[in-house]
Amino acid sequence: MGYRIAVVGATGNVGREMMNVLVERRFPIQDVHALASRRSIGTEVSFGDRTIKCQDLENFDFAKADICLMSAGSSVAKEWAPKIAAKGCVVIDNSSCWRYDQDVPLVVPEVNADAIRGYTKKNIIANPNCSTAQLVVALKPLHDVATIKRAVVSTYQSVSGAGKEAMDELWQQTKSKYVPGTDVHPKKFTKQIAFNCIPHIDVFMEDGYTKEEWKILVETKKILDPKIKLTATCVRVPVFVGHSESVNIEFEKPISSEEAREILCNAPGILVVDKREPGGYVTPVEAAGEFATFVSRIREDETVQNGLAMWIVADNLLKGAALNAIQIAESMIQQRLLKSAA
Ligand SMILES: NC(=O)c1ccc[n+]([C@@H]2O[C@H](COP(=O)([O-])OP(=O)(O)OC[C@H]3O[C@@H](n4cnc5c(N)ncnc54)[C@H](OP(=O)(O)O)[C@@H]3O)[C@@H](O)[C@H]2O)c1
């Protein structure tokens with residue numbers, strides 16, 4: 001018993017992780033196809049202990065796949081997801097293109113696996129923004145117990161969230177600081193990213209917020225609860241992999257830091273590391289390559305009634321993208337929603 005999988009964007013940061021996660025989680029596979037742009041025809045990508053040659057998305061027959069894991073950006077998703085879905089292949093897309101469509105479920109399985117059932121309207125399921133995914137995993141169990149009124153989120157987002165060229169830019173700029181005469185001017189980012197922080201991710205909106213900040217708000221409401229008020233500041237930092245978030249939460253009901261710690265310790269997808277001593281917390285370097293969402297620095301925020309503050313870290317390429325997409329596919333199998341098992 002296995003499924004036929006197509007990975008679109010297989011040469012990218014997220015696509016490569018998708019291939020790894022499929023193997024690592026022993027996803028039931030009959031066949032796997034690596035797809036990318038025409039530029040990458042014949043490029044080899046790893047799949048466990050073998051390599052697979054990339055094919056061109058445009059010439060692939062999606063009748064040969066049951067599930068398409070897509071991570072090739074919004075314009076590719078806009079054009080191709082409906083065409084692929086029309087062939088009977090369920091699309092799980094990582095871009096922002098379909099996330100806000102009423103007929104497309106936006107899913108983080110630990111939070112709203114039931115919403116997957118709505119996929120039949122378009123045969124498309126959306127994966128949230130990387131910062132939203134790890135945030136809602138941590139907020140959900142606390143919301144269930146004490147009802148979140150408002151959250152203030154500040155993100156510290158790694159460059160891998162902006163694709164493979166962004167990682168190269170950080171690497172080249174970092175090296176150039178030590179090799180005189182090899183200055184690398186910003187291309188992917190608006191300012192120098194090495195040894196710096198940039199409070200700007202995605203485009204600016206009319207109200208002064210950036211689209212990345214808007215996405216966290218709108219996606220948290222769609223996945224978790226439309227009544228939650230949220231404000232965010234998103235910052236790009238010179239970290240290769242792993243997004244961090246400092247979060248202040250105001251609840252309707254009283255909740256102590258001890259209760260929150262206990263709840264989070266027993267919640268799916270979360271690992272609490274909170275020793276209140278030097279080094280007794282998780283940083284992105286330790287979260288990289290891990291499936292868990294880590295919560296540290298849980299403490300009471302005395303500036304509001306029923307307030308908590310915490311630090312949330314996860315691998316943005318895994319929980320923020322590839323892992324979450326594959327968890328959605330696994331949940332479809334568990335819920336017996338995938339028809340085309342061979
Ligand atoms: N990185 C994250 O943390 C993260 C988290 C959540 C969601 N996402 C989303 O996932 C998507 C991919 O991100 P990424 O970081 O993996 O980007 P990336 O490293 O730049 O990779 C982009 C991938 O898309 C492929 N592609 C581009 N244009 C294409 C076309 N016209 N036809 C077919 N394939 C095409 C590229 O293939 P070639 O190599 O052939 O160009 C490559 O495989 C984006 O929508 C991003 O917003 C990323």
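Visitor: Of the 26 residues around the ligand, which come nearest?

Guide: This is a predicted model, in which local features need pLDDT of at least 70 and side-chain atom pairs count only at pLDDT 80 or more, while totals for chains, interfaces and linings use all residues. Residues are numbered from 1 along each chain as its sequence is written, and side-chain values use heavy atoms, with hydrogens and water left out. A residue is near a molecule or strand if one of its heavy atoms lies within 4 Å of it. Of the 26 residues around the ligand, those that come nearest are Thr11, Val14, Ser37, Arg39 and Ser40.

Visitor: How far is an oxygen atom of the ligand from an N or O atom in the side chain of Ser40?

Guide: A polar contact is a pair of N or O atoms within 3.5 Å; within protein, one must be able to donate a hydrogen and the other to accept it, and residues adjacent in sequence count only if both atoms are side-chain atoms. A backbone N or O atom of Gly9 lies 3.1 Å from a ligand oxygen, and a polar side-chain atom of Asn316 lies 3.0 Å from an oxygen atom of the ligand. For the side chain of Ser40, the distance is 2.5 Å.

Visitor: Which helices each supply at least two residues of the shell around the ligand?

Guide: Helices (H or I, at least four residues) and strands (E, at least two) are DSSP runs, numbered from the N terminus. Val14, one of the residues that come nearest to the ligand, is also among the buried residues of H1. The helices that each supply at least two residues of the shell are H1 and H9 (318-334).

Visitor: Which side chain meets Glu330 in a salt bridge?

Guide: A salt bridge is a side-chain nitrogen of Lys or Arg within 4 Å of a carboxyl oxygen of Asp or Glu. The N to O distance for the Glu330 pair is 2.8 Å, and the pair links distant parts of the chain, 305 residues apart, with Glu330 in helix H9 and its partner in the loop between H1 and strand E2 (29-36). The partner is Arg25.

Visitor: Why does Glu330 count as buried?

Guide: Buried means under 20% relative accessible area, exposed over 50%, and partly exposed in between (1.4 Å probe, protein chains only). Arg25 counts as partly exposed because its relative accessibility is 29%. Glu330 counts as buried because its relative accessibility is 18%.
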